[in-house]
Amino acid sequence: MTALSALIRRDIRIALRVGGGALIGVLFFLTVVVLMPFAVGPDLALLSRLGPAILWLGALLASLLTLDRLFMADHEDGSLDLITMSRTPLELACAAKALAHWLAAGLPLIVATPVLGLLLNLDMVATAAVALTLLAGTPALTFTGMIGAALAVTLHRGGLLMAVLVLPLSIPVLIFGVAASQAVIVGPMTFGAPFSILCALSLVSLVIGPFAAAASLRHGLD
């Protein structure tokens with residue numbers, strides 16, 4: 001546990017420093033949400049209906065933007081080989097790195113959601129619903145994206161391959177995240193059903209993601 005906590009602290013410090021990637025994701029998320037009202041126009045009712053989808057799409061793209069650094073920096077400086085050969089199971093190390101990535105890059109998106117919801121004409125209840133769905137769904141984006149990052153880490157121009165692999169796996173999370181948020185705004189679907197499925201997707205990715213990523217790393221580094 002000491003090694004895992006040290007790995008989490010190390011990855012968070014690296015992500016939060018200049019050029020670490022976490023700030024890039026937040027700025028990209030902010031840019032997407034700020035530009036959308038100019039593209040949609042002055043129709044506040046339309047903007048309110050599209051608000052959850054815009055926030056979720058921005059969070060998905062911002063998460064995808066920073067996922068390529070999940071293992072790449074460690075691979076370049078040799079740290080990934082040390083993590084692989086350490087006594088700590090590689091599956092737990094992958095889970096710790098994904099948790100650190102979510103704390104550094106995913107959690108700030110959720111914190112920024114209430115402020116950005118004002119730009120999309122969302123009331124407090126709708127903004128809280130979107131923030132809650134992001135809190136439940138963004139771990140699924142991180143742990144699913146970790147599989148693509150592990151597959152692409154040893155490949156030349158692997159970032160393009162990672163996007164091709166991760167985007168299809170992220171679509172169910174996007175669908176149920178937006179559906180749960182829209183249920184609060186326009187109905188008639190209840191909030192509980194899509195939100196429960198969203199939580200289930202995160203739990204499944206939490207279980208499968210570290211094992212799939214560890215297997216991909218072992219195969220790629222051999």
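I began with a charged pair: Arg218 forms a salt bridge with Glu91, and their closest N and O atoms are 3.1 Å apart. Arg218 lies in helix H9 and Glu91 in helix H6, so this pair ties together parts that are 127 residues apart in sequence. I keep in mind that this is a predicted model.

**Entry 1: the ends of that pair**

I looked up how open each partner is. Arg218 has 36% relative accessibility, so Arg218 counts as partly exposed. Glu91 has 17%, and buried means under 20%, so Glu91 counts as buried.

**Entry 2: the other salt bridges**

How many salt bridges does the count come to? I found three.

I went to Asp11 next. Asp11 forms a salt bridge with Lys97, with the closest N and O atoms 2.7 Å apart. Asp11 lies in helix H1 (residues 2-16) and Lys97 in helix H6 (residues 90-119), so the pair ties together parts that are 86 residues apart in sequence. Are Asp11 and Lys97 buried or exposed? Both Asp11 and Lys97 are buried. For Asp11 the relative accessible area is 11%.

Asp11 also has a salt bridge with Arg10. Here the closest N and O atoms are 2.8 Å apart. Arg10 has 22% relative accessibility, so I noted Arg10 as partly exposed.

I then returned to Arg218, which is partly exposed at 36%. Elsewhere, salt bridges that share partners join Arg10, Asp11 and Lys97 into one network.

**Entry 3: helix H9**

I checked the length of H9, which runs over residues 192-221. At 1.5 Å a residue, its 30 residues should span 44 Å. The C-alpha atoms at its ends are 43 Å apart, which agrees.

Where in H9 does a kink lie? I found a kink of about 30° at Ile208.

**Entry 4: the largest pocket**

I looked at the largest pocket. About 160 Å³ of space lies in it. Which helices each supply at least two residues of its lining? They are H7, helix H8 (158-185) and H9. H9 gives the largest share, with five residues.

The lining includes Ala140, Thr144 and Ile147. Leu169, Pro172 and Val173 also line the pocket. So do Leu201, Val204, Ser205, Ile208 and Gly209.

**Entry 5: the cavities**

How many cavities of 30 Å³ or more are there? The count comes to two. I took the second largest cavity, which holds about 60 Å³ of space.

H3, H6 and H7 each supply at least two residues of the lining of this second largest cavity. H6 gives the largest share, four residues. The lining includes Ala59, Ser63 and Thr66. His101, Ala105, Gly106 and Leu109 line it as well. Thr138, Leu141 and Thr142 are also in the lining.

**Entry 6: Leu70 and Met72**

I found Leu70 in the loop between helix H3 (44-67) and helix H4 (72-77). Leu70 counts as buried because its relative accessibility is 5%. What does Leu70 touch, leaving aside its neighbours within four places in sequence? Leu70 is in contact with Lys97, Ala98, His101, Met146 and Ala149. Lys97 is also the salt bridge partner of Asp11, and His101 lines the second largest cavity.

I also checked Leu70 against Ala150. Leu70 and Ala150 are 80 residues apart along the chain, and their C-alpha atoms are separated by 8.2 Å.

Met72 is in helix H4. Met72 is partly exposed, with a relative accessible area of 26%. Leaving aside its neighbours within four places in sequence, Met72 is in contact with Ala152 and Val153. Met72 and Ala98 are 26 residues apart in sequence and 13 Å apart in space, C-alpha to C-alpha.

**Entry 7: Thr127**

My last stop was Thr127, in helix H7 (residues 124-152). Is Thr127 buried or exposed? Thr127 is buried, with a relative accessible area of 6%. Leaving aside its neighbours within four places in sequence, I found Thr127 in contact with Thr113, Pro114, Gly117 and Leu122.

Definitions and conventions. Residues numbered from 1 in each chain as written. Predicted model: local features only at pLDDT ≥ 70, side-chain atom pairs only at ≥ 80, totals over all residues. Heavy atoms only, no water. Expected span 1.5 Å × (residues − 1). Bend = angle between axes of the 7 residues up to and from the residue. Buried < 20%, exposed > 50% of the residue type's maximum accessible area, 1.4 Å probe, protein only. Contact = heavy atoms within 4.5 Å. Salt bridge = Lys/Arg side-chain N within 4 Å of Asp/Glu carboxyl O. 1 Å grid on protein atoms, 1.4 Å probe; cavity = no way out; pocket = protein on both sides within 12 Å on 5 of 7 lines; lining within 4 Å. Points joined across faces, edges and corners; volume = space filled by probe spheres on them.
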